[in-house]
Each structure stands twice: as structure tokens, then as C-alpha cells.
Amino acid sequence: MKGRGLGRQGVPAAGSSGRFDPRVRQMMLSKGLKRKREEEEEEKESLAVDAWWLDPGHPAVAQAPPAVASSSLFDLSVLKLHHSLRQSEPDLRHLVLVVNTLRRIQASMAPTAALPPVPSPPAAPGVADNLLASSDAALSASMASLLEDLSHIEGLSQAPQPLADEGPPGRPTGGASPGLGALDLLGPATGCLLDDGFEGLFEDIDTSMYDSELWAPASEGLKPGPEDGPGKEEAPELDEAELDYLMDVLVGTQALERPPGPGR
Amino acid sequence: LGPWCSPTGSPAPLSCETGCGEGSWILVCRLLVPTQVSLLSMEEDIDTRKINNSFLRDHSYATEADIISTVEFNHTGELLATGDKGGRVVIFQREQESKNQVHRRGEYNVYSTFQSHEPEFDYLKSLEIEEKINKIRWLPQQNAAYFLLSTNDKTVKLWKVSERDKRPEGYNLKDEEGRLRDPATITTLRVPVLRPMDLMVEATPRRVFANAHTYHINSISVNSDYETYMSADDLRINLWNFEITNQSFNIVDIKPANMEELTEVITAAEFHPHHCNTFVYSSSKGTIRLCDMRASALCDRHTKFFEEPEDPSNRSFFSEIISSISDVKFSHSGRYIMTRDYLTVKVWDLNMENRPIETYQVHDYLRSKLCSLYENDCIFDKFECVWNGSDSVIMTGSYNNFFRMFDRNTKRDVTLEASRENSKPRAILKPRKVCVGGKRRKDEISVDSLDFSKKILHTAWHPSENIIAVAATNNLYIFQDKVN
């Protein structure tokens, strides 16, 4: 963990711009959440409807972060969850806390629903409905299948259960070491996170820079200048380093679906 | 003036005039745990006790493997053990008091160094098991040797640390260099005698307790019966007998039948200091459960349940994360438990389950920065907390190499810093202050200037004296109270 101050409050760290909706990306890349006072007042009024815990008169609502922060917070949380799931052996505490926080954020963005395990698409203000719904369902589905897979693996390698008439109290644990998080189990599950909304997520990103045909024939020369696709225009602050990172994330995710090598 | 606190007497206040501990703590020594590279050359010096403080202090290179991950005094305070990310244990021993060198009281020197855990590779699951030492716990001393438990994520080991200061000489079949003699040349027999030798401290693994934890071990705790101990991971707690390594009893299991329903994990666990049937464990939801092993073999149902109701005015998206308890410790008396969550330290009376009796703000100025701290993952940092010998003062770490002490009687608190800049030996620690807004005074530091990569997660307090050990990355600072 690099030493990092708190200068950019509420803005995700560089390299965590993993969302692909340009509007969301714009919000995430803007410098901080400072806005003019009159805008804040407007936000607060609209918040009265979108209260947490379905209680508009709640004192906490007046100080609640604006709905816009929630969506970037949601994205950040999904990214954290994704990152956590990608670990060969996820930190269970980190995972559980992130998931629970994500559920709270979802609940605040879906005032009509008590959060079901697989939520119906909520009317989330300021965020593309497709994005939220697809990642929502994908999130729950992937979490569920992942954790279920983990428990299956444990059940398979568990030592045979002790006899019923054991003398000493308690339950002796077996010598086998049931495991958590084999990469090949994580692969398909995490793949779901992006697979479901895959096409939709990338519609507006111009990846022509990364098409292999561009680079192969040396005689054509390199095309260093970026073709200004919609992604570039809408987020002038998005630089090549961040695009590179996006592609690394994608490539890395694809790699999960292949048989892993040893190591973390 | 005598020591500030004695284990049995009434505690003296920590400070005289200007605030808890101000002008009262001095640096005894700053120790660098020997780096992996230097360890090789150290082993050529058979007598590691000859390595003095200055050798260690001069080392300026350090690797990530040297990051200290746990610190623990033994029951007399004579020994101080550290574990690091590289799987090593370094034990320091207190300098003997001598009339000539009274000023060296409280200094600790390297006593023994050994590789406790190695990185392992689990071929079945294609996983690397980290060798980082998560916890060290000492056993009470029962003979000349010292025993401690050390654990990484998966395996607990019992180590015996013993001294050898004599060696046999005068073998009949071997010569002085150990080469076998030609039996034909032996005409007389003699009895080997023990002769003094340079002191050698050796550590040997006596027990290895493996293959009992699916998830990552976060705590170990020695029972007051000295025959059993427990190890806790995210979802289960196992009870071991020191003599039996191929079997342990599962006493707590919070794994849901359907992992989809998992919402809570175990974060820490500890045995009661006197009642060998009682233990507590804390959770990621800020709750503490006290269990009695006499009630049932499987302690999934608690005897007591400690939880403080959420403060509605402080509710945020991060409420649960900051309520997650990172450490739980019984007081020496056994009457209280102390818990550490992200922003506070709380003291609970065992007889009152609905709220803590005391709450101390460690760094409340971070409450408005939780979003950033969530972003950079600092909000998941796990700080430990410790009692002093008389249970009158509690201590915990913070960021920027700050650590905090709270006097429970006077309600005073102090912030001190463990830093290389202020580390002249015998230098008096100056209390630090964080400026939360408005005009920053000369000696204050503003919240936005805090270095969040410098975190004090691990500290330890001598069992009977005012000597504390503070781990800052690869540095171990030892401070003691200033004796007038």
C-alpha cells in the first residue's frame, strides 16, 4: 500500500477507473467532490426522496453523501469486490465487508426495494440502468456461485465424519485441509461479473488502438496518434495510461479463465 | 519514584501536570530486526548475544520480509518476541541490570533468531501459503527453556528456545574435532566432562499443528490450564492439546450451510486469563461473544453477547466496516474486555452486554475521511490494542507512526510518535497533536499531512513495568517511563 494522502477525497485511486460508462467515468475522474453551495442545496432536496433505510425524516439523510457519490462509491465497491475475488485466496473478512457495504449502497440507490438476493433493476438516478442492473445481478450471481463453489470444494476434500459415539467432547477435525478459492473455480465465477454485461459495457469505448491489425505490418508504420473515439472526447482527462490499465484489467480477467500457473 | 504501576497495587496516575504522559516517556532503543541478508553473516558469530544495539541500528537496508507483523512480551517481560512477514521470529532479551550501568535498564538485545515458517505451496489448490507470522504467544515458563507458539495463516508451531552454555569434552571414540578415532589407538577410557562454552541459544520446533484451518488464522490464545490452546480463523475456532498434533476439537463454527448467506467473520479470539472454560471472540460486525465450554461441546451458542447499538447520527455506508473489531483483549484481572475497531477503543464490563463502559476516540478526525480511506483500503487496517500491567492504561496505534495511550482513571490521553527523527536514545517523547481544522499551531500536524503508509498496528506492554514495544514497519521501538 503506497503512502497516499487524502488530497483527492472520494475520488477513486488512479488505476481504479474500471467502469466504462463515460458519464460515470467522468464523475470518477473529476477532481474531488467539491461543488458550489447552491448545487449542494439542490442535491439535498432531491435526497429527501432517496433516503436510506426508507426513512426520509432520518437525521442522517441531511448529511448523507449525495446520490452521485453513491454511484461512484458503488462502482468503487464493485471494483474492490472484483479485485478481492481475483485473489487466489480471498481475504474473507475484506470480501464480506465489501459485499455488505455494496448491499447498503444498493439499498440506498433502490428506495423501493428491500434488497432481495437477486434484485430487480432499480430506478437509480444518474446512472445507466443497464449498467446497474446487469452488474447487480451479475454481482449477486457470481458471489453466490463463487461461495457455493468454495463450500463444495471443502466438502469434497473434508475427512470422513467422525463416529457418533465419540468419547471426547467437541468434534475432532480431520487431517485433510479443505481449501478456499481454487483459481479454476474463481475463473468462471468472476468471468460472470463481466460476461453478463460485457457487450453493453464496452459499446462506447473505441478499442481500435488495440486491434492487432494496427500493429502487425511494419510497413504501414505505427499509428501513434490516438483515433479520437467517443471515449476520448467525452473524458478529456482520460489519458493513455488509464486506457492501458483498463485493457490490462480485461486481459487479466480473460486470463483467469485459462488454467492458472502456481503462485498467488 | 518507583514504577508507575505495580501488578497488584493501586495504579499511580500517568502524569503529573500537563496531560497524560507528557514529558514522561523516553526512547530506550530502536531495534532493527536483522535483515535476511545479514542473518547469514550473523550466524557465523556463534554468540548472537554479542550483537549489540549499535550493530542493529546501523542497518539502513530493509526488505519487505522484515516488516514486523506481531510483538509480544513473555510473562515476566524478560523476553520480547517479534514475528515478521518473512516468517522469522526474533527474540530480544532484557539487558541485565548492573550497578555500573544503571542507565542501560530496559534495553533489549537480540537473544535468538530463527525461521519459524517457510512459504508453502499447496499443489492441490495451486495456492501459495504466506509465511508471515500472524501471532506469537508465549507459554508460561515451567523450566529453564522458553516455549512459544507462532502461527501463519494455516499452521501453528510450538517452539522451544533453550540455552546451552556447556559442552561435553573428552569423548573416547571421537577426537576434539569430532572425527572418529581408530579404535586400535584407544588404550584408556575416560569419562567425558562438561566444560563451559560460549552461550548458545537454540530454537527447536517441538510441535507442528497443521491442516486444521480452511481459512486464515487470525488468533491464537493459550489457556490458563497451560495444557490447551485455541486457534481461530475467519469462520472456525479449534481447541488443541499441546501434546496432540494430529487432532483438534472444533469449538466454534459460524460457517453457514449456504455460503451465500455469509455476512460475518470471526476477527479475534482469546481465552479468559483465569477461567479455563471461558473465551471470547469478536466479529466483523462489531460484536463480541463470550462462550463457556462447559455449556456444550460446540460453542456456537454464546453465553453472553456484547454489542453496542448503532449511533444513528453517525450512520454511513461505512458503519459496518468501521465497527469491525480488529482486536479483543481481556484485562489482566479478567473483569473487562477491550476491543479495537477502526476509530475507537472500547472497554466492556463482562457483566454488561448492552454497551461498553468506556469508549476512547483514537483518531476521530478520520471520520470525515472514511470515503478516501475506503478507496485506498486503509479502512481495512487491523490495529491491535494492549493493557498495561495494572489495567489502568490502554494503548493502541494509529497512522503517521503515532500511537495513543489512554489513562482510564484520569481520563487523560496522549499521542506519541515512533519515528527515526526523534530517536536519539533517552530522548524524551514529545506529545503530538493533530490539527483538525482552523488554525494549525506550530507543533501540530494537519490531518491531510498524515502519512497513511506509516501505521502502528502492533504494540506490546511489559507485564509489570512501564516499558512498551512499538513496531513501525521494520523498526522496533522500546520506550520506558522516565524515572526521576
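**Exercise 1.** Work out which residue lies over the face of B:Tyr336, and how far from the ring centre.

*Solution.* Start with the test: a charge sits over a ring if NZ of Lys or CZ of Arg is within 6 Å of the ring centre and within 35 degrees of the ring normal. Here B:Arg408 lies over the face of B:Tyr336, 4.7 Å from the ring centre.

A quick note on the model: it's predicted, so local features need pLDDT of at least 70 and side-chain atom pairs count only at pLDDT 80 or more. Residues are numbered from 1 along each chain as its sequence is written, and side-chain values use heavy atoms, with hydrogens and water left out.

**Exercise 2.** Classify the aromatic pair of B:Phe209 and B:Tyr229, and say what it ties together.

*Solution.* First, the rule: rings of Phe, Tyr and Trp (its six-membered ring) pair if their centres lie within 6.5 Å; planes under 30 degrees apart are stacked, over 60 edge-to-face, and the rest tilted. The structure holds 20 such pairs over all chains. B:Phe209 and B:Tyr229 come out edge-to-face, at 5.1 Å centre to centre and 75° between the planes. B:Phe209 is in strand S11 and B:Tyr229 in strand S13 of chain B, so the pair ties together parts 20 residues apart in sequence (strands are DSSP runs of E, at least two residues, numbered from the N terminus).

Conventions
Chains lettered and ligands numbered in written order. Helix = DSSP H or I, 4+ residues; strand = E, 2+ residues; numbered from the N terminus.
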